[in-house]
Amino acid sequence: MISVLETVKFLSVHRTFLILLCILIVFLFYGNSSPLVDQDEAAYAGFSRSMMETGDYLTMDFPYSTPHRKPPLHFWITSSLFKIFGSTEWVLRLFPALCILGTSLLTYHLTNVMYGSRTALYAFSILSFSLYFPLNGKIALVDSLLVFFGMVGFVSLFHWIQSKRKIFVLLFWLSVSLGLLVKGPPILIFLGGTCVLLLSVNQIRSEIWKLNPFIFLPIAFLPLLLWGYLSWQKDNGSLIRWMLDWYIFRRATDPVFGQSGPPGTYLVLFVVTLFPWSRLYLSFLNENGWKLIAYLKTEGFGVIKNLLPWHWEKSNFIFTSKRFLLLGLSFSWLFYECLASKLPSYPLSAYPILAILLGDQLARKHNQIYMYRLYLTVSILMIATISFIVLPKFSEMRTDTIKAASMVQSLVPVNETLHSFGAHGIPSFAYYYHRPIHEMTWEQIQTTKGYFLVSESDYVVWKGLGLEWEGIGEPLSIYAYDRNKKLTLRLVKTKGL
């Protein structure tokens, strides 16, 4: 009996949190020296290394990477880390892993302030040991930085409303400014949209206006605008015009990379990505769905009227932690249900908020301890399986471009530029090749002489049209796992070289 009591005492809420924190740290930083992931991560690695090597922090130029250009903060941070620690895969993934860790800690902190330490433990566990969210710390994408800065702003907003301390106003606008330099509009959609909805709560409306958006929003834009101005001066606006078209105008109306879906896509997707906590998510939807139906039946068409800003003055909404969280979901999740493009990372900022709400959902159940231990056991087994079986297997699939780059390096003279024709979409090959690659158009291919990397089918076609090419070595076979297809490439050269 004594040993059982001692075990229960040892596994207190705080000790359990520290144990899980250690497990999360090991998961996030273990095995991060694996080959680059095509296409985004490899493209970001290429941009960052090019900046480090050339000292040009405005140009984003790397083979096969044009669609992956972003505002530059992620690349600036990574290039700085490359300069200090070396340009390795582990260093590339260091800061994104820290951002996911920081987001999990901020989630624990905010839940602890709102609901107490036990619910905070539940929320931390749901976020950090679900299927999808922690994997964002294993790959160097801009989304991990964006969700961290978004969470910093969200937590700062809550503390400002509660404490009125001006340091939180500064942190809020700093997070907005850094988020804009990471990915542009999404940070404004999330935090700006949340603030607009909070104006509907009379009790805190004055605190929202005291954020002084008409003063601090232009200031928050200054770093992005300065970078945009310098970039415009350098390339006559080519990059900025492309970004406005690709990231704003096109994504609002058209699918990107063929990934589209109807409204409700993320509603269903969360069932998978929140595994093994999916039952809590379904319970949350069931409970709040019936509440919404009952509210609609009671209010009728008055609901639409209450949504209009000019009727907010007459509303009598009370500020609560749950209302704050639900309003946060509106522009971190529901907004993206309305877009034609449906990338899995769009609602990433919703995961910490959902984790808090699901933690509260679990804390109100009579058998919460039993359910938590059951879900957590499955979670840890899942994390172990991913770490020691799934990710190493996936790592083996990504070695083709390393082998191909090594082979081409041995066949192409050091002082020769490799000309590439065709949308191969393999920036990891360009990263490991680490020599100049010139992407060509079909008009240039007839007048250029040298060494070429082309697909097997293009090799047959162009040779049949009379180009004097001769193959070098064996065909290169690369499994493009991001498209689930095998690429067969040929290294050729102009006859007579």
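**Exercise 1.** Over which residues does pLDDT stay under 50, and how many contacts beyond four places in sequence does the model have for them?

*Solution.* Start with the score: pLDDT is the predictor's confidence in each residue, from 0 to 100. It stays under 50 over residues 1-10. For this stretch the model has three contacts beyond four places in sequence, a contact being heavy atoms within 4.5 Å. Where pLDDT is low, the predicted coordinates should not be read in detail. Now look at the whole protein chain: its average pLDDT is 89, and 92% of the residues score at least 70.

Two notes before we go on. This is a predicted model, where local features need pLDDT of at least 70 and side-chain atom pairs count only at pLDDT 80 or more, while totals for chains, interfaces and linings use all residues. Residues are numbered from 1 along each chain as its sequence is written, and side-chain values use heavy atoms, leaving out hydrogens and water.

**Exercise 2.** Find the helix that holds V196, then decide whether V196 is buried, partly exposed or exposed.

*Solution.* First, V196 belongs to helix α10, residues 186-198 (helices are DSSP runs of H or I, at least four residues, numbered from the N terminus). Next, its relative accessible area is 45%, so V196 is partly exposed; buried means under 20%, exposed over 50%, and partly exposed in between, with a 1.4 Å probe and protein chains only. Finally, I208 is 12 residues from V196 in sequence, and their C-alpha atoms are 8.4 Å apart.

**Exercise 3.** State what share of the protein chain is buried.

*Solution.* Of the 497 residues, 52% are buried.

How values were computed: Helix = DSSP H or I, 4+ residues; strand = E, 2+ residues; numbered from the N terminus.
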